[in-house]
Amino acid sequence: MSVLTMVDALRSRRTPFVLATVVRAERPTSAKPGDRALVLPDGTMEGFVGGTCAESTVRLQGLRLLATGESTLLRITPTATSETVSEGLVTVGNPCLSGGSLDIFLEAMLPPMLVHVHGDAPVARALVDIGRAIGHDIRRPAVEDALPDDLAALVVASHGRDEESLLVAALRVGVPYVGLVASRKRGAAVLSSLDVTDEQRARVHTPAGLDIGARTPAEVALSVYAQLVAEHVGVREVPAGTSVVLAAAAVDPVCGMRVPVRESALSLVDNGLSVYFCGLGCRQAYADEPERYRT
């Protein structure tokens, strides 16, 4: 399966990942501009952006980015003596590149904000249209459908149909934003009928949306999404329920490169201690002369 085909599959499953793309390669390197790889939350990689040394660095930096949702340019060069971070650029030293260097753009690809809209009124339809236009993942599930772990917002615009059950279900599982499209009077009556705690009841936004003087269904929908933005709902982050394996880092004693510590990492045991390496060459060099590299 090609990397881009996998991207489509991961997006459809709402799985976060980092897309690594080689944008510059200085010879001698095995990777070429345009080569791509994916870093998945469990630390596995698919694709190609260089040999084992480059792959090790991309994995380590990619997992860091998954935890923050940010993107950066990664420069792997044999001339750097230590890892440096500046705005938009991380530079890592790798003496194993045989004189070449790589610039790899690491782009954290997190799923768009997931919003459930209930109802078939004009406001509900406007919520769907505008939400999709601004890039959210808008869905209209059945009332009885289970709420996913990464649901960011649930908005009810059903004009009295199934309102209580939907609101109670969302409040009990802790959906970050719960909104009810209704007048202040009717909204207060619905809230008083909910079988939830006062703290949970206070979390319902009704009338849903910021007070911008909205009159049309589209304006009401716009006010709801403005409220989501104002309250920082769905800010770029790994969805709830996704486990990102933030591997600890060790220093390869042969080349000095930082490498991730994981079960499948290249390593050997010396005097009862595990020693980790960026590639087979460094591991063999250590195995041949361990006393030379012991600290």
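**Salt bridges, burial and patches**

Tutor: In this predicted model, R139 forms a salt bridge with D137, and their closest N and O atoms are 2.9 Å apart.

Student: What makes the contact of R139 with D137 a salt bridge?

Tutor: The cut-off is a side-chain nitrogen of Lys or Arg within 4 Å of a carboxyl oxygen of Asp or Glu. For R139 and D137 the closest N and O atoms are 2.9 Å apart, and therefore the pair qualifies. The structure holds 14 salt bridges.

Student: Why is R139 called partly exposed?

Tutor: The class lies between the buried limit of under 20% and the exposed limit of over 50%. R139 has a relative accessibility of 35%, so R139 counts as partly exposed.

Student: Which residue meets R14 in a salt bridge?

Tutor: The side chains of R14 and D137 meet in a salt bridge, at 2.9 Å from N to O. R14 lies in the loop between α1 (3-12) and β1 (17-26) and D137 in strand β9, so the pair ties together parts that are 123 residues apart in sequence.

Student: How do you know whether R14 is buried or exposed?

Tutor: Buried means under 20% relative accessible area. R14 stands at 11%, so R14 counts as buried. D137, at 17%, counts as buried too.

Student: What makes R186 and E163 a link between distant parts of the chain?

Tutor: The side chains of R186 and E163 meet in a salt bridge of 2.9 Å, N to O. R186 is in helix α5 (residues 184-192) and E163 is in helix α4 (residues 163-173), 23 residues apart. R186 is partly exposed at 29%, whereas E163 is buried with a relative accessible area of 2%. Elsewhere, salt bridges that share partners join R14, D137, R139 and D150 into one network.

Student: Which residues of α4 are buried?

Tutor: They are E163, L166, L167, V168, A170 and L171. The buried residues of α4 pack against β8 (114-118), β10, β11 (177-180), α5, α6 (198-201) and β12 (204-205). After α4 comes G174, which has a positive phi near 80°.

Student: Why is M257 called buried?

Tutor: The limit is under 20%, and M257 has 0% relative accessibility, so M257 counts as buried. M257 lies in the loop between β13 (248-251) and β14 (258-261).

Student: Which residues are in contact with M257, leaving aside its neighbours within four places in sequence?

Tutor: Among them are C53, S56, G93, N94, V251 and C278.

Student: How do you know that E144 is called exposed?

Tutor: Exposed means over 50% relative accessible area. E144 has 68%, and so E144 is exposed. E144 is in the loop between β9 (137-139) and β10 (151-156).

Student: What kind of patch do E144, D145, D162 and E164 form?

Tutor: These residues gather in a patch of negative charge on the surface. The reason for the label is that Asp and Glu count as negative.

Student: What makes L210, I212 and L222 a patch of another kind, and what is their accessible area together?

Tutor: L210, I212 and L222 form a nonpolar patch on the surface, with about 260 Å² of accessible area together. Patch members need over 30% relative accessible area. L222 has 47% and counts as partly exposed, so L222 passes that limit. L222 is in helix α7 (residues 217-230).

Technical notes: Residues are numbered from 1 along each chain as its sequence is written. This is a predicted model: local features need pLDDT of at least 70, side-chain atom pairs count only at pLDDT 80 or more; totals for chains, interfaces and linings use all residues. Side-chain values use heavy atoms; hydrogens and water are left out. Patches are made of residues with over 30% relative accessible area and no salt bridge: like charges are joined within 9 Å, nonpolar side chains (Val, Leu, Ile, Met, Phe, Trp, Tyr) within 5 Å. Accessible areas come from the Shrake-Rupley method with a 1.4 Å probe; for residues, only the protein chains shown count as cover. The place of a charge is taken as NZ of Lys, CZ of Arg, CG of Asp or CD of Glu. Helices (H or I, at least four residues) and strands (E, at least two) are DSSP runs, numbered from the N terminus. Buried means under 20% relative accessible area, exposed over 50%, partly exposed in between (1.4 Å probe, protein chains only). Contact means heavy atoms within 4.5 Å.
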